[in-house]
Amino acid sequence: MTDERRWLDRLCERATRALARRTSRRSFLTRLGTALAGTAALPLLPMARAATESRPPVPDDAALHGEVGDPKSCSYWRHCAIDGFLCSCCGGSQNACPPGTEMSPLTWIGTCRNPGDGKDYIISYNDCCGQSLCMRCRCTRTEGERPLYLTMKNNDLLWCFGTQSRAVNCSVAVVLGVATRT
Amino acid sequence: MLAPGVAAAQGTSGPALDYAVTCQGCHRADGAGTPGTVPALAGSVGKFLRVPGGREFLVRVPGVAQAPLDDTALAAVLNWMLDRFGRDDVPKGVVPYTAEEVNQLRRRPLTDVAGARRQLVEALERTK
């Protein structure tokens, strides 16, 4: 028993002294500090975080495949030809008008390609009418737009026709279906 | 408001797609139009074929004559529209529009659209 303890003591003593010879207390603190700071800084590195971010719920569009992007951004795929204020920033959504406004039955219709699935979708940009300009998330995109003399293909016009009020508040981007060229 | 019919499963193509992108914005998906602003197609467009000049009128109205579609596609949309919104009104024996016919008619757009329409509607009322 005594011999065994001596053997163990000797082993531990040798290992400790070897460690003490090779390292200093300062070097340990340095490495510990580096590790702590490194761990703390890890989330700052660029990484694909979009997949883990929570997006605003899009219940009406559950049937769409590969829905990607931020519906509150001008660069969102559905907004390829939108001209106006996004209703999703104004108390509504990309499908619904804000409370207190009325959706215009007359609308500018075009197609936008969804990068999520590579398909072209028929998009209806209806103006929501009855309140003054929302002034948030102003977007001007012109894919497929034509000059003013082709009125049905121009999105600079206010499309509050057939509504009680001609005052435009914001615009929605409703998906009507998939466009397939035959 | 819910998205009106997200038809993601089956695609829209041909004259139905051309109608959706070129006409539906004003005439609406069901052809109902907007009273006082945009004339209805449903229950109305087929009746124009019952009176002389009506067939020509449907191509010469500005929205059709100036539509950004070639003659073949425009003829297809017109025939699709008559079938979809005017099936009960189109007289028997009417032949479909052809690209050549559309090509000739759209070169002569109407200058007095409201006047031409009024005359046709009056002629229609006399046939009742």
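Is B:Tyr19 buried or exposed? In this predicted model, B:Tyr19 has a relative accessibility of 1%. Buried means under 20%, so B:Tyr19 counts as buried.

Now turn to aromatic rings. Seven aromatic pairs are counted over all chains. One of them joins A:Trp159 and A:Phe161. A:Trp159 is buried, at 6% relative accessibility. A:Phe161 is partly exposed, at 28%.

B:Tyr19 also has an aromatic partner, B:Trp80. This pair is tilted, with 5.1 Å from centre to centre and 40° between the planes. Look at where the partners sit. B:Tyr19 belongs to helix H1 of chain B (residues 14-22), while B:Trp80 belongs to helix H5 of chain B (residues 71-86). The pair therefore ties together parts that lie 61 residues apart in sequence.

Aromatic rings can also gather in a group. In chain A, one aromatic cluster is formed by A:Tyr76, A:Trp77 and A:Tyr121. B:Arg55 lies over the face of B:Tyr97, 4.4 Å from the ring centre.

Finally, go to the surface of chain A. A nonpolar patch there is made of A:Phe28, A:Leu29, A:Leu32 and A:Leu36. Together they have about 430 Å² of accessible area. Take A:Leu32, which is found in helix H2 of chain A (residues 25-41). Its relative accessible area is 39%, so A:Leu32 is partly exposed. Patch residues need over 30%, and A:Leu32 has 39%.

Key. Residues are numbered from 1 along each chain as its sequence is written. Chains are lettered from A and ligands numbered from 1 in the order in which they are written. This is a predicted model: local features need pLDDT of at least 70, side-chain atom pairs count only at pLDDT 80 or more; totals for chains, interfaces and linings use all residues. Side-chain values use heavy atoms; hydrogens and water are left out. Patches are made of residues with over 30% relative accessible area and no salt bridge: like charges are joined within 9 Å, nonpolar side chains (Val, Leu, Ile, Met, Phe, Trp, Tyr) within 5 Å. Accessible areas come from the Shrake-Rupley method with a 1.4 Å probe; for residues, only the protein chains shown count as cover. A salt bridge is a side-chain nitrogen of Lys or Arg within 4 Å of a carboxyl oxygen of Asp or Glu. Helices (H or I, at least four residues) and strands (E, at least two) are DSSP runs, numbered from the N terminus. Buried means under 20% relative accessible area, exposed over 50%, partly exposed in between (1.4 Å probe, protein chains only). Rings of Phe, Tyr and Trp (its six-membered ring) pair if their centres lie within 6.5 Å; planes under 30 degrees apart count as stacked, over 60 as edge-to-face and the rest as tilted. A charge sits over a ring if NZ of Lys or CZ of Arg is within 6 Å of the ring centre and within 35 degrees of the ring normal.
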